[in-house]
Amino acid sequence: MEKDSENLADLFNMSDLPDEAFQPYWENIVVDEEKKKKLLNYCTMIPNLKGPQLVRNSIYGLVLLNGPSGSGKTSLLKGCANKAAEQTFQKKGQKTKYLEVDISRLFSEFLGKTMKVIAEAFRTVRLAACYHPVILQLDEIESLGMERSSLGVGDPTDVLRSVNVFLNELDRLRPCKGTLILATTNLETVIDCALLDRVDLKLHLDNPTKEAAYHILTKSAEELEQELNVRIPKSLLKEIVQELYPKKSDRTFSGRDISRLLVLSMTMNGHYRICAADVKKAIQILKEALN
Ligand SMILES: Nc1ncnc2c1ncn2[C@@H]1O[C@H](COP(=O)(O)OP(=O)(O)OP(=O)(O)O)[C@@H](O)[C@H]1O
Ligand SMILES: [Mg+2]
């Protein structure tokens with residue numbers, strides 16, 4: 001029993017926002033500005049509106065970001081949660097409770113108890129919502145909301161029941177003012193349609209465009225210079241982008257790949273500096289990993 005509550009404690013990671021440590025998420029993520037704006041507007045307005053009956057009957061307070069792995073979904077939501085909390089704090093002097101649930105561990109470590117864990121997570125949110133605005137972040141939501149018709153006889157009934165419990169809990173949380181659920185997936189096709197139907201705002205993030213990649217590289221170059229005094233000329237960053245996106249190729253790279261490229265290049269020579277040849281080697285490694 002004690003072991004269970006210990007595990008639950010690190011399954012639900014509750015903290016206070018705004019938090020300075022979360023600030024870079026919003027600033028460093030390079031995605032379409034329109035999407036960022038839509039997301040932030042939703043996250044700042046909806047929790048305040050959830051009280052009135054008109055809104056309560058139409059809005060779930062559920063956002064879903066979908067897109068390939070490493071496109072920045074989790075980072076963008078964390079950044080947005082912090083930004084929305086900042087605005088609430090400025091207006092009302094109120095901290096926002098931020099609860100992250102590690103869904104990937106639900107079925108591996110809590111099989112047979114998943115329904116209890118889901119109900120507990122939502123109970124925690126409802127309780128906290130009596131005193132604070134609350135943001136619940138659920139990454140990889142597909143494991144919690146799997147399309148029920150696709151579940152076969154071999155699947156544990158726990159999985160099927162958990163989807164039902166999850167949907168019910170979403171319905172129960174719906175009228176609670178000041179609550180928001182931010183979810184991500186890179187497997188939208190396996191998500192139950194009843195869950196998708198409850199999503200108010202769905203945004204797709206793609207791998208960065210060539211221009212966005214240049215932006216991400218510029219930001220990581222600035223960080224490398226500030227933190228390690230490694231200088232990377234702008235001309236080299238431009239060369240890197242040309243090398244990554246040659247004219248006749250439509251291959252894209254994830255934001256994750258691009259954001260680690262310069263550090264990876266630095267490790268090619270074992271010194272705190274980067275030259276064109278190092279970058280070429282790192283890009284080669286990156287491309288081979290994708291083939
Ligand atoms: N568009 C982007 N701009 C800047 N950095 C990015 C971008 N996309 C990804 N990154 C960086 O890549 C790393 C991984 O991003 P993140 O975890 O947010 O991706 P994700 O879409 O949630 O991936 P997954 O689906 O695998 O969980 C982070 O360090 C993040 O800063
Ligand atoms: Mg993620």
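**Entry 1: enclosed spaces**

I looked up the lining of the largest cavity first, and the residues listed for it are Phe12, Val101, Ile103, Leu106, Val117, Ile118, Ala121, Phe122, Leu138, Leu144 and Phe166. For my own record, the model is a predicted one, in which local features need pLDDT of at least 70 and side-chain atom pairs count only at pLDDT 80 or more, while totals for chains, interfaces and linings use all residues. Residues are numbered from 1 along each chain as its sequence is written, chains are lettered from A and ligands numbered from 1 in the order in which they are written, and side-chain values use heavy atoms, with hydrogens and water left out.

I noted the terms before going on: on a 1 Å grid over the protein atoms alone, a cavity is a set of points where a 1.4 Å probe fits but cannot get out, a pocket is an open set with protein on both sides within 12 Å along at least five of seven lines, and lining residues have an atom within 4 Å of a point. Grid points are joined across faces, edges and corners, and a volume is the space filled by probe spheres set on the points.

The structure has three cavities of 30 Å³ or more, and the volume of the largest cavity is about 60 Å³. Helix 7 (residues 114-128) contributes the most to the lining of this largest cavity, namely four residues (helices are DSSP runs of H or I with at least four residues, strands are runs of E with at least two, and both are numbered from the N terminus). By class, the lining of the largest cavity has 11 nonpolar residues, no polar and no charged (Ala, Val, Leu, Ile, Met, Phe, Trp, Tyr, Cys and Pro count as nonpolar, Asp, Glu, Lys and Arg as charged, and the others, Gly among them, as polar).

The second largest cavity holds about 40 Å³ of space, and its lining consists of Leu62, Val63, Leu64, Ile141, Ala183, Ile191, Leu195, Leu196 and Val199. Strand 2 (62-66) and helix 9 (193-198) are the elements that give two or more residues to the lining of the second largest cavity, and strand 2 gives the most, with three. The lining of the second largest cavity has nine nonpolar residues, with no polar and no charged ones.

**Entry 2: strand 5**

How many of the residues of strand 5 are buried? I found seven of the seven residues of strand 5 (residues 179-185) buried, so the strand is largely enclosed by the rest of the structure (buried means under 20% relative accessible area, exposed over 50%, partly exposed in between, with a 1.4 Å probe and protein chains only). Thr179, Ile181, Ala183 and Thr185 point one way from strand 5, whereas Leu180, Leu182 and Thr184 point the other way.

I then checked the neighbours: strand 2 pairs with strand 5 in the parallel sense over five bridges, and leucine 182 in strand 5 is the bridge partner of valine 63 (two strands pair if DSSP finds at least two bridges between them). Strand 4 (residues 134-138) also runs parallel to strand 5 and is joined to it by five bridges, with valine 134 opposite threonine 179.

**Entry 3: open spaces**

The largest pocket has a volume of about 870 Å³, and of the 37 residues that line it, Ile29, Gly70, Ser71, Gly72 and Gly255 are the closest to its centre. Helix 10 (210-228) gives the most to the lining of the largest pocket, with seven residues, and the whole lining divides into 10 nonpolar, 17 polar and 10 charged.

Glycine 70 lies in the loop between strand 2 and helix 5 and is buried, with a relative accessible area of 14%. Glycine 70 and glycine 255 are 185 residues apart in sequence but 5.6 Å apart in space, C-alpha to C-alpha.

The second largest pocket holds about 210 Å³ of space, and among its 20 lining residues Pro47, Asn48, Thr88, Pro133 and Gly178 lie nearest its centre. Helix 5 supplies the largest share of the lining of the second largest pocket, five residues, and by class this lining has 11 nonpolar, seven polar and two charged residues.
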